[in-house]
Amino acid sequence: MHAPKSRPATRFVWLLLFIAVAAAAGIAAWWWPNRPVQVGHMPFAAQSHVVESMSFAPFRRGQSPLSRVYPSAEQVIEDLHSLKGITRGIRTYTSREGLEVVPPEAQKIGLNVMQGVWLGPERDINDKEVAAAIALANRYPDAIKSLVVGNEVLLRKDLTVDQLIAYIRQVKAAVKQPVTYADVWEFWLRFPQLLAEVDFVTVHFLPYWEDLPIAAGHSMPHILEVYNTVKAKLPGKPITIGEVGWPSEGRSRRDAVPSRTEAAGFIADFMQLAQKEGLSYNLVEAFDQPWKVKLEGTVGGAWGVLDEVRQPKFDVGGMVSNLPEWPLFAGLSVLLALILLVLHAQAVVALAPAAMAVAVVFGQALAALLAAAIERVLEYNYSLFHTLEGGAAVALQAVFALLLFRRLLAVLGSKAVSTPPQPLRSLGSALGSLRRVLGNVPLQHPRLAEAIYGLLALWMAYHAVMLVAAGRYRDFPLDYFLLPVAGLLALRLIAAAFDHNHGQGLGRIALATTFATPPAGDVQGRFGWEAMLGFLLLTLPVLVLANETLSNREALYWCALTAAYALPLLGNLAVAAQQRSAAPVPATV
């Protein structure tokens, strides 16, 4: 389609109008899912509703008990002071590893301490831990109100119940404070003999991690029901909920969805329940813990009420956004779209108004998807591997976006004008260096697009296999794969609208014919690997859904995206079949 004869200034006005409309739509697309919403009715920081207790693990980025890099005394003290006015008490998990300063400093600022005694399979370490806990409890009786001897030891199968009981008796004989053991509620019911050994029962209620996960909005009846069951089957001793909370990031488990709004709503609902029923509790946890990502995936590091830089993630009872930084990424998407349009200014301005509008909207959509991938890199950069993986995904998608946009311009029939309007020339000169760099890259080579798509498809197949084999702690990395397939399908729809859709059946969406017409026999040579990869991408979603069930919307999106990735590859097979059927039959001798 060729542009009607009109002055460059008129075309430039049309372009500005379309850019403004597309940018507004793009900003709205970022705002709507991340707009602040009201959660609960209880102001989290209000003095009348201070949290009873919070799990205290003062590890920061780069620190971990796994690597034995521990926070300094100054950092521990700083973290304790950051909780003043938010909670009346804290629960620790070890008596060593730099936390020896907790009881005296907590006593100064009026925080009660539920002292943890970490137990594991190593007897010598356990002995040191028990000795340190006893010494702290006897030295700071005004700060340490109780001791937790072992945390989920039976769940992890680190000790037998008899070994655990021996440690509990050792600590009870040496301190004056009440002593307990902490584990998930199922293990308390499995080992009721523990009841006679402790002064009170400490149970963990984490609906997200249940074998059959419970949605945040449905968790309160479940918690109360299980609490009453434990109370009935373990009578005569007080019960404390030692861990209760909800993650703000990570993968969904069935209809249990991690997010800031879900976490804030869960805490608000639970605090109301605790106040109504008179429950003793400890929220897990005070701060996000990036080191736990290695053990539990993204969700493991996102249980904090405060983030890793010790800033509140939400106001329970107030307005909460799942991504408070959304204006930054909305602005980034608009900037990326402008760069894309300026790099192709002459070709875009040469289009008729309708085709120009399509090009602008298409460019803005690509930019928004690329910005979403960048946001994921910044949000999930818990390790060097995560950062490199995300950076590679962004780089591949950025090049593929350029290829898609250039192909779109060809589909729309653009013919560049010799001299664009002055505003475009001025803006283009600012990007001249980038234009020259990109000019040396073979972006028009059709095999480059196929190579990028094939690499991303293989990468996606790997993630799909791992989600089937060991998916409990793995994310659904949608943002790393959405742009190529969404862009391809949109390009094909536009091509059909402009009478440029060729082929039959699946051949209409073939990857090999999207950017150029391949020579006869070229597609047939790649039949094997594309058939195998397409088969994997179509069958793996069935296995993922068998694990996740249809109630997991994130899994549904992932499976739909995985299957969609197979379509252009299967289209190649259709083209190969068409080429084979059209090939002349060789003469027989």
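This is a predicted model: local features need pLDDT of at least 70, side-chain atom pairs count only at pLDDT 80 or more; totals for chains, interfaces and linings use all residues.
1. Numbering starts from 1 along each chain as its sequence is written, and side-chain values use heavy atoms, with hydrogens and water left out.

2. Take helix α8 (residues 219–233), a run of 15 residues; helices here are DSSP runs of H or I, at least four residues, and strands are runs of E, at least two, numbered from the N terminus. From first C-alpha to last, α8 reaches 21 Å, close to the 21 Å expected at 1.5 Å a residue (1.5 Å times one less than the number of residues).

3. Which residues of α8 are buried? They are S219, M220, H222, I223, V226, Y227 and V230 (buried is under 20% relative accessible area, exposed over 50%, partly exposed in between, with a 1.4 Å probe and protein chains only). Seen down the axis, these fall within an arc of 160 degrees, so they line one face of α8 (the arc uses directions from the helix axis to the C-beta atoms). The face turned away carries the exposed P221, E225 and A232.

4. Cover for the buried residues of α8 includes α7, β7, β8 and α9.

5. S333 sits in helix α11 (residues 326–343) and is buried, at 0% relative accessible area. Beyond neighbours within four places in sequence, S333 contacts W30, Q364, A367, A368 and A371 (contact is heavy atoms within 4.5 Å).

6. Over in helix α1 (residues 8–34) is W14, partly exposed at 36%.
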